[in-house]
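Colleague: I'd like to learn how to read a structure like this one, feature by feature. Could you walk me through it?

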Amino acid sequence: MKIEIDNDSGFCFGVVTAITKAEEELDKSGSLYCLGDIVHNSDEVQRLAQKGLTVITHSDLSRLNNVKVLLRAHGEPPATYATAEKNGIQIIDATCPVVLRLQQRIKQSYDTEAAQRPQIVIYGKKGHAEVNGLVGQTNGEAIVVESVDELDRIDFNRPIALYSQTTKSLDGFHDVIEQIRQRMAPGVKFESFDTICRQVANRAEKMRLFARSHDVVLFVAGKKSSNGKVLYAHCLEENPHTHLISNPAEIDPTWLEGALSVGICGATSTPRWLMEKVRDTIELMNSPSD
């Protein structure tokens, strides 16, 4: 049996930076707080917890004083920075540069004089950490839409500035643009800004090719990973013998029966070491018994 790990899978550079910053601080001091899971992968969160990383909530943050707190790649709203300053908390900021630029662009749109300010619409997942940080740039006024079915919440007689969560689908974003264009009142200004991270967006097509080239595909992702759900769906569409697992313990040996090639791939939040553990487990399952 041929077993291949997809070289285009695994951490995006934003996640790599966040984990590197966490590990550098843990190596120095042995302890660090992180606001939310540093990455949507419980195995990686557990690995870092063993090194001294403690995950906290926003409620916890408001009760802490004079400690160091890492902000993960997803970014945070201005209120988080205000709380940290008030409580003497030192921020280690690992906000992804792509997300940071998007936050700044949205804030610039919002800071326009009220009479000229457009409706700020964000194509994204409600409640997602990144989206919460984006909405925070608008004092909570931005309209979040998850699909074209939610566009009725927009006033098409007023100017619109449309942005996207960095990890959303390009096709979905283009559908939203087209629907808004068709519904805009004549002469009313509509601007859309493509703020989707290409490192993430380009993975979908590569992953489709990868899924197509194997008999069986094991897609490794944490249960909380939005990106994982999207990329898994692409693989499954291409290859019906694709299975979603969060770790090697979830592999069903019957999936591998008769397979000559097995592909292992994952989300932008899936560590390489975890995909390697999946490969090693398959090799053990496939080795001849004594």
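Colleague: Let's start with charged pairs. What does R279 form with D280, and how far apart are the closest N and O atoms?

Modeller: The general idea is that side chains of opposite charge can pair when their charged atoms come close. Here, in this predicted model, R279 and D280 form a salt bridge, with 3.2 Å between the closest N and O atoms. R279 is partly exposed at 25% relative accessibility, and D280 is also partly exposed, at 35%.

Colleague: How many salt bridges does the structure hold?

Modeller: There are 23 salt bridges in the structure.

Colleague: Which residues are linked with K51 and D27 in a network of salt bridges?

Modeller: The network of salt bridges links E23, D27, E44, R47 and K51.

Colleague: Where do E238 and R208 lie, and how many residues apart are they?

Modeller: Their side chains meet in a salt bridge at 2.8 Å, N to O. This is another link between distant parts of the chain, with E238 in helix α10 (residues 226–238) and R208 in helix α9 (residues 203–212), 30 residues apart. E238 is partly exposed at 25% relative accessibility, while R208 is buried at 15%.

Colleague: Now a charged residue without a partner. What is the nearest side chain of opposite charge to R72, and how far away is it?

Modeller: That side chain is E76, 4.8 Å away. The cut-off for a salt bridge is 4 Å, so R72, although buried, has no salt bridge. You will find R72 in the loop between β4 (68–71) and α4 (78–86).

Colleague: Which backbone oxygen does the side chain of R72 reach?

Modeller: The side chain of R72 reaches the backbone oxygen of L35, at 3.3 Å. Setting aside neighbours within four places in sequence, the residues in contact with R72 include L35, G36, D37, I38 and H40, and also A94, T95 and A129.

Colleague: Which residues lie nearest the centre of the largest cavity?

Modeller: C12, V15, H74, T167 and T268 lie nearest its centre, out of 23 residues that line the largest cavity. Both α1 and α10 supply at least two residues of that lining. The largest share, three residues, comes from α1.

Colleague: What about a residue with no exposure? Where is V217 found?

Modeller: V217 is in strand β10 (residues 216–220), and it counts as buried because its relative accessibility is 0%. Leaving out residues up to four places away in sequence, V217 touches A211, N239, H241, T242, H243, G263 and C265.

Colleague: And backbone angles? What is phi of N66 near?

Modeller: Phi of N66 is near 55°, a positive value in a residue other than glycine. N66 is placed in the loop between α3 (58–63) and β4, and counts as exposed at 65% relative accessibility. For N139, phi is near 60°, again a positive value in a residue other than glycine. N139 is in the loop between α6 (129–135) and β7 (143–145), and is exposed, with a relative accessible area of 62%.

Colleague: To finish, how many helices and strands are there in the protein chain?

Modeller: The chain has 11 helices and 12 strands. Of its 290 residues, 50% are buried. Among contacts between residues at least 6 apart in sequence, 70% join residues at least 24 apart.

Conventions. Residues are numbered from 1 along each chain as its sequence is written. This is a predicted model: local features need pLDDT of at least 70, side-chain atom pairs count only at pLDDT 80 or more; totals for chains, interfaces and linings use all residues. Side-chain values use heavy atoms; hydrogens and water are left out. Helices (H or I, at least four residues) and strands (E, at least two) are DSSP runs, numbered from the N terminus. Buried means under 20% relative accessible area, exposed over 50%, partly exposed in between (1.4 Å probe, protein chains only). Lys and Arg count as positive and Asp and Glu as negative; His and the chain ends are not counted. A polar contact is a pair of N or O atoms within 3.5 Å; within protein, one must be able to donate a hydrogen and the other to accept it, and residues adjacent in sequence count only if both atoms are side-chain atoms. Contact means heavy atoms within 4.5 Å. On a 1 Å grid over the protein atoms alone, a cavity is a set of points where a 1.4 Å probe fits but cannot get out, and a pocket is an open set with protein on both sides within 12 Å along at least five of seven lines; lining residues have an atom within 4 Å of a point.
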